[in-house]
Amino acid sequence: MSEIWEMSATELARLIRSREVSSREAVEAHLRRIDEVNPQVNAVSVVLAEEALADADAADRAGGATGPLTGVPMTVKENIDVAGSATTLGIVPLRDAIAPRNAPHIAELRAAGAIPIGRTNMPEFGMRWHTTNDLHGPTRNPWSAAHTPGGSSGGDAAAVATGMAPLGMGNDGAGSLRWPAQCCGVTALRPSLGRVAQGGSGPTPFAFQLLAVHGPIARRVEDLRLAFTHMCGDSGGDPWHVPVPLQGPPITPPIRVRLATDPDGPDLAPDVASTLNRAAGLLRHAGYVVEESAPPALTRAGEIYFQIMSAYGRVHEEQPPVESVASEEFVRFWAAFESHWTRAAGRTSFDPLMVRAQIARSWAEWMTEAPLVLAPIFPMPAFPVGSDLDAGWLAGWPAAMRMAVAVNLLGLPSVAVPVGVADGLPQGVQIIAPRFREDLCLDAAAAIEGAVQPLTPIDPREHATPKR
């Protein structure tokens, strides 16, 4: 039998239900794994050992499995409320901002038996695609310390990849679940807008209400499905929440898939292109019909995304200067990126939500006959640490983001799934579906996953080790 920390959430939950493993044993195994590997990757920012063990003992006293996730440890990103723990957003001024209650989906997961075992690192404000801050320092990619683990859910991705927990809870406002999943070789689900409640102890700007969602990170697609099933039932007062059935109507096979890239964006890195083609072949082998097709209005979708995020991405009309609350490195990053961000907004729309609706209709029509889209997450693998501090390098980043942020703009579900390794770094793709058809994304991702070797969990490595 595998070590407990190597097990999937589904397997671990089954063993706890059958009383072959106790909840305490599960938590202790993952706490030992955190002690062993977290000093090397710095993914778990706060270890909730005492609280997790108390939860595990309570579950065991109750007779073992009291819910479908009983005893399964999970990490939670530091911009999601966990009662009694600080919701820091990765910035020093919020280090003591203790949440009075759980976010709705965290409460729901805990009611299903999942146990928060640690908080995870993130870039300041979640506004960077590399994970570091002055509060906890940098998180390192377990595949190569020289490369980014991604952001902003980089702490969860690195923690799950190294076996510190089988589940991580992050969020995605601009690829922040899918990009770290690609960088760290794990899988992630960005749910549809309205699936998972956005409630928390603080105010949420309109842009994040519309563009960002909470979602799970795991090593196996079946674990995404298991966690997702227990994240969607509590509205938490969120006006966007929609209680839609998790399983949509069946589609007569064969299911058609659009193989899509950005015709106006940067060229795909060779490893990303070969990974995309390999995933297409795996889907064809599984019975899907895959055909190339360019997404409609992708460039304009990116512009409207940046317009909405720029205009409505702040809580207050006036905010303190960024240098007064953020690290010197974040200030450098934003100084280098701000002009590119502003330029990416393109021609200003009188009503960006009207344009969003037009783009959404064109995508809905495009996906009528082929309800799935197979696409790259970003056009390159994990970048070397420090690249995103270079203004010249950052000039191409908004265009590189377009495929990822179009999903955010339109509120669509997407699953990131690893496909293989190239030059020592994990490679993955995303599968996009119509709104509220996470089931279709998960099914297709499972078909790909079933045809490749699992990439994680892994022990942290100092350098990427290319295959020869």
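Guide: Let us begin with a term. A polar contact is a pair of N or O atoms within 3.5 Å, where, within protein, one must be able to donate a hydrogen and the other to accept it. Please keep in mind that the model before you is predicted. In this model, the backbone oxygen of Pro376 lies 3.0 Å from a polar atom of the side chain of Gln430.

Visitor: With which side chain does the side chain of Gln430 make a polar contact?

Guide: The partner is the side chain of Ser414, at 2.8 Å.

Visitor: Where is Gln430 placed, and is Gln430 buried or exposed?

Guide: Gln430 belongs to strand 11. Buried means under 20% relative accessible area. The relative accessible area of Gln430 is 0%, so Gln430 is buried. Setting aside neighbours within four places in sequence, the residues in contact with Gln430 include Arg178, Val373, Leu374, Met403, Val407 and Ala416.

Visitor: How does one check the length of a helix, for example helix 15?

Guide: One compares an expected span with the distance between the ends. Helix 15 has 12 residues, 438–449, and at 1.5 Å a residue it should span 16 Å. The end C-alpha atoms of helix 15 are 16 Å apart, which agrees.

Visitor: Which residues of helix 15 are buried, and what covers them?

Guide: The buried residues of helix 15 are Glu438, Asp439, Leu440, Cys441, Leu442, Ala444, Ala445 and Ile448. Their cover includes helix 8 (221–229) and helix 9 (270–285), together with strand 5 (187–190), strand 9 (372–375), strand 10 (414–422) and strand 11 (425–432).

Visitor: How does one describe the packing of two helices, such as helix 12 and helix 14?

Guide: One considers the angle and the distance between their axes. Helix 12 (residues 352–366) packs with helix 14 (residues 397–410) at an angle of about 105°, and the axes are 10 Å apart. Angles of 65 to 115 degrees count as roughly perpendicular, and helix 12 and helix 14 are therefore roughly perpendicular to each other. From helix 12, Arg356, Ile359, Ala360 and Trp363 meet Ala406, Leu409 and Leu410 of helix 14. The residues of this contact comprise 6 nonpolar, no polar and 1 charged.

Visitor: Which peptide bonds are cis?

Guide: One reads the angle omega. The bond from Gly151 to Ser152 is cis, with omega near 10°, and Ser152 is in the loop between strand 3 and helix 5. Another cis peptide bond joins Thr456 and Pro457, with omega about 10°; Pro457 is in the segment after helix 15.

Visitor: Is Asn121 buried or exposed?

Guide: Asn121, in the loop between strand 3 (115–120) and helix 5 (154–161), counts as buried at 1% relative accessibility. Beyond four places in sequence, Asn121 touches residues including Asn42, Thr131, His136 and Ser152.

Key. Residues are numbered from 1 along each chain as its sequence is written. This is a predicted model: local features need pLDDT of at least 70, side-chain atom pairs count only at pLDDT 80 or more; totals for chains, interfaces and linings use all residues. Side-chain values use heavy atoms; hydrogens and water are left out. Helices (H or I, at least four residues) and strands (E, at least two) are DSSP runs, numbered from the N terminus. The expected span of a helix is 1.5 Å times one less than its number of residues. Buried means under 20% relative accessible area, exposed over 50%, partly exposed in between (1.4 Å probe, protein chains only). Contact means heavy atoms within 4.5 Å. Axes are lines fitted to C-alpha atoms, for helices over the stretch in contact, and angles run from 0 to 180 degrees between N-to-C directions. Angles under 35 degrees count as roughly parallel, over 145 as roughly antiparallel, 65 to 115 as roughly perpendicular and the rest as oblique. Ala, Val, Leu, Ile, Met, Phe, Trp, Tyr, Cys and Pro count as nonpolar, Asp, Glu, Lys and Arg as charged, and the others, Gly among them, as polar.
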